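Welcome! Open your viewer, keep the selection panel at hand, and follow along stop by stop.

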Amino acid sequence: MDLRIKSFEEYKAKYKASVDNPDAFWDEIAKTFTWKKPYEKVCDYNFIKADIKWFVNGKLNITENVLDRHLEKRGDKIALLWEPNNPTEKHQEITYRKLYERVCEFSNALKAQGIKKGDRVVLYMPMVPELAIACLACARIGAIHSVVFAGFSAVAMADRINDSQAKMVITADGLNRGPKQIPLKEVVDEALKSCTTIETVIVFNCLNRNITMQAGRDLWWHNTIEGMPKVCPAEEMDSEDMLFILYTSGSTGKPKGVVHTHGGYMVYTTYTFQNVFQYEENDVYWCTADIGWITGHSYIVYGPLSSGATSVMFEGVPSFPDAGRFWQICEKHKVNQFYTAPTAIRALMACGNEHVTSANLDSLKLIGSVGEPINEEAWQWYYKEVGKEKIPVIDTWWQTENGGIMISGLGGYSPMKPTFAGYPLPGIQPCLMGQDGKEITEANQEGHLCIKYPWPSIIRTTYGDHERCILTYFTAYKNHYFTGDGAKRDENGMYRIIGRVDDVINVSGHRFGTAEIEDAINSSELVVESAVVGYPHAIKGQGIYAFVVCDKLPENNSEAEGKIIASVTKQIGKIANPEKIQFVSDLPKTRSGKIMRRILRKIAEGEVKNIGDTSTLLNPDVVEDIVKGALH
Ligand code: PRX
């Protein structure tokens, strides 16, 4: 059960073993879980066809590992420690036994509503314990959950419901976000106008708001669980049966549904949770992510709970009621491992040190970062002000498609180097590929980050479109998984992630495809065409800069901007609103009509002296005009 490596030497030995004989390495780990029927083979894979299987023919249910197996020894241990948005409200301590009962009760409620193995259920929820309970209840009965982050718009939700052909939505009347209350049910009602597959909507009463319930479709959560037994047998799942779909943005078209499966995801999230965070039995661990993103799935719910940990779940935001909230929560619950995003670190850094120094952070043993490259200044602040120069900072690199942490410091055991994520975890075989398609073996060179060998929680498919999975991840470099990131490796073998090399923008650790935002902008009737690029943003990491062509240049820029912003909010959600909108007469294009984003990126970054050769453009004059009007 304790899967931890406890020294750097041991890491090196385990790493070598994991490369020399991956099957033996993972077999030893996987054996420690509860299987209903043992697997016959550890791994079977073909990267060309993106056909990957782990723990072949094994039967299990992930929730038996997350819940049942802890009941005997940890029944009274707190599994979820929920901290409300409003600090004057009471927090909740949900023990493993209680969580088991609540998951079983809701599993029975789902079954009573006709949800069966293989059905898709969309969750659009606040950060309340019921979100984790709903995920686990789906998993228990073999339904496939797809959590849609509660900041997405009705259109974005409808797209995801339609793509997954979901049968049920689980939502709430609304959510608390700092001083505001945000409606959720109305967004669901709007989305469902363009969906035909949803039969039932279960609504959790979070705010006591007055909402409309559609007869025959909408049910209150508390009514669905009335009289339901608090035990529910866990459905027997194949290792490779789908556990969840999580939509994420790619460089083209609509978001794709990344699919993870029961067996491999369970083994990898548990193994990495224990090793990266070096969780010890009585520790309190807190990941500040939202369960709407992969970090919340893997490192609030599945990894920690499968390890029998106490996992803190926070409803609110770092700035409410003031910028000291994170640190107050660390003090209140004596948090030992704290895991957050660079964007939050930078935002809190800008609010002054008194918020940190006024809290007692002595309980912290390790602090982590995830979601985007952490810049040197933020790293140093985190290390000095939060960690008091005494505890390790771990920078964890991974992706929705990876399921779990791939490159990272290992607790306090591996060396730290600011802005470097560090070494690959055991079982992960990264490499850098050059423009010529060959592997770069020299140190201190930049290349495209690929992975040579599968790991248990690698993406299995993009829901409903396997070809897209092959094309996106397994085609650029034959027999390799391509991450879409650029990276550098130093002379000691440590990796530094530089950022995306495709048309994906990472805003506050959230991924958006430029094409997706452009589609949203172009849906405004004013707009003829647009091009979106990322630019360095002091807090968000990257900001969204939109170059927009209208029928004619708008007379009133702020009115036109308002309309464009409204389109993006409607199509995707406020989280994708561009910070900067520049109206231009035309976009720089190649002779074949392709927009030259490289040039626009330079302009957005303020690097106008380095634009490079524009003579091959169809319309070189336009570049000068755009440079003159650039927003800085
Ligand atoms: O560009 C990398 C960046 O975030 C991308 C993955 O985004 P997403 O699937 O939303 O998952 C985020 C949380 C796991 C990656 O392709 N990224 C993530 N973590 C880091 C990072 N870039 C640099 N350093 C990191 N630690």
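How far from a nitrogen atom of the ligand does a backbone N or O atom of E372 lie? Select E372 and the ligand: the distance is 3.3 Å, a polar contact, meaning a pair of N or O atoms within 3.5 Å.

Before moving on, a word about what you are viewing. This is a predicted model, in which local features need pLDDT of at least 70 and side-chain atom pairs count only at pLDDT 80 or more, while totals for chains, interfaces and linings use all residues. Residues are numbered from 1 along each chain as its sequence is written, and side-chain values use heavy atoms, leaving out hydrogens and water.

**Stop 1: around the ligand**

Next pick R500: one of its polar side-chain atoms lies 2.8 Å from an oxygen atom of the ligand. In total, 17 residues surround the ligand (a heavy atom within 4 Å), and the closest are D395, T396, T400, D485 and R511.

**Stop 2: the seven-stranded sheet**

Now colour the strands β5-β4-β17-β16-β18-β19-β20, which form an open sheet in that order with mixed pairing. Strands here are DSSP runs (E, at least two residues), helices are DSSP runs of H or I with at least four, and both are numbered from the N terminus; two strands pair if DSSP finds at least two bridges between them. At the edges stand β5 (92-95) and β20 (393-396), each with a single partner strand, so one side of each has no neighbour in the sheet.

Zoom in on β16 (284-287) and β17 (310-314), a parallel pair with three bridges. Y285 has S311 of β17 as its bridge partner.

**Stop 3: helices on the sheet**

Show helix α9 (262-277), which packs on this sheet and touches β16, β18 (337-340), β19 (366-370) and β20; contact means heavy atoms within 4.5 Å.

Finally, bring in helix α10 (294-306), whose axis is 8 Å from that of α9, at an angle of about 90°. Axes are lines fitted to C-alpha atoms, for helices over the stretch in contact, and angles run from 0 to 180 degrees between N-to-C directions. The two helices, α9 and α10, are therefore roughly perpendicular (65 to 115 degrees). Residues to select at their contact include Y265 and F273 of α9 and H297 and Y302 of α10.

Terms used
Parallel < 35°, antiparallel > 145°, perpendicular 65-115°, else oblique. Polar contact = N/O pair within 3.5 Å; in protein donor to acceptor, adjacent residues only side chain to side chain.
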